[in-house]
Amino acid sequence: MGAVKTKRMPRAVREQQMLDAAVRTFGQRGYMAASMDEIAELAGVSKPLVYLYLNSKEDLFTACIRREAKALTEAVRAGVRRDLPADRQLWEGLQAFFTHTAQNPDGWSVLHLQARTHGERFAAEVAAMREELVAFVTQLIAVAARDAHRDPDLPEHEVAGLAEALVGAAESLAAWANANPGVTARQAAATLMNFAWAGLGNLMTGHPWSPPPTPEA
């Protein structure tokens, strides 16, 4: 059956319809299995029109990655109120992250699974998004740590590793939560807060955990 003809609409609107269809198809079927015919039919347009707007399957997938990455980072930033205590900021950021990934499972599949396993070009797009999230979390933790330590010059690299670990844990937990329908975004956020804040809370108050001394040879 051919694509259903639709009334003329602005290019930007039509392009978003194509991206919606592509994210759904890539997210559910995977990059290799997804076909441009399937995407065009789901979007209600002809395959030549998809190529006219988005050039190729590779360019279409890249556009999907960029759109979904932008939406996720914007959701996390918008979810954090900077006038709150450090633990509340982190809590709200995590809730925003898990709410977005739960509400957009196909988009999260594109970012977390498909883009990372189908070529350096796609992986680099996701890496850029991840760096932005890590930088944002690093800033959140650094500001709180500076206040706790009464040291306005505490460098961000002191807490950058913690932010990296936290983002990695959030990514894995989001994939797990989406694979287990009974897990809510709030439950996922609470799980990570309980896992992370005990350590972060001690860091904020100047009581970090220290490894035991290395035995002398």
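This is a predicted model: local features need pLDDT of at least 70, side-chain atom pairs count only at pLDDT 80 or more; totals for chains, interfaces and linings use all residues.
Which residue forms a salt bridge with R88?

**Figure 1. Salt bridge between R88 and E92 in helix 5.** The partner of R88 is E92, and the closest N and O atoms of the two side chains lie 3.4 Å apart. Because R88 and E92 are 4 residues apart in helix 5, about one helical turn separates them. R88 is partly exposed, with a relative accessibility of 34%. E92, by contrast, counts as buried, because its relative accessibility of 13% falls under the 20% limit.

**Figure 2. Crossing of helix 5 and helix 8.** Helix 5 spans residues 86-103 and helix 8 spans residues 157-179; their axes come within 10 Å and cross at roughly 40°. The two helices are therefore oblique to each other. The crossing of helix 5 with helix 8 is right-handed. On the side of helix 5, the contact is formed by L90, F97, F98, T101 and A102, while helix 8 contributes L166, A170, E171, L173, A174 and N178. Sorted by class, the residues of this contact are 8 nonpolar, 2 polar and 1 charged.

**Figure 3. Salt bridge between R116 and E171.** The side chains of R116 and E171 meet with an N to O distance of 2.9 Å. This pair connects distant parts of the chain: R116 belongs to the loop between helix 6 (105-114) and helix 7 (120-149), whereas E171 lies in helix 8, 55 residues apart. R116 is partly exposed, with a relative accessible area of 32%. E171 counts as buried, at 5% relative accessibility. Through salt bridges with shared partners, R116, R130, E164 and E171 are joined into one network.

**Figure 4. Salt bridge between D20 and R67.** The side chains of D20 and R67 form a salt bridge with an N to O distance of 2.8 Å. D20 is located in helix 1 (residues 11-29) and R67 in helix 4 (residues 57-79), so that the pair, 47 residues apart, links distant parts of the chain. D20 has a relative accessible area of 44% and is partly exposed. R67 likewise counts as partly exposed, at 22% relative accessibility.

Methods
Residues are numbered from 1 along each chain as its sequence is written. Side-chain values use heavy atoms; hydrogens and water are left out. Axes are lines fitted to C-alpha atoms, for helices over the stretch in contact, and angles run from 0 to 180 degrees between N-to-C directions. Angles under 35 degrees count as roughly parallel, over 145 as roughly antiparallel, 65 to 115 as roughly perpendicular and the rest as oblique. A crossing is left-handed if the near helix is turned anticlockwise from the far one by less than a right angle, and right-handed if clockwise. Contact means heavy atoms within 4.5 Å. Ala, Val, Leu, Ile, Met, Phe, Trp, Tyr, Cys and Pro count as nonpolar, Asp, Glu, Lys and Arg as charged, and the others, Gly among them, as polar. A salt bridge is a side-chain nitrogen of Lys or Arg within 4 Å of a carboxyl oxygen of Asp or Glu. Buried means under 20% relative accessible area, exposed over 50%, partly exposed in between (1.4 Å probe, protein chains only).
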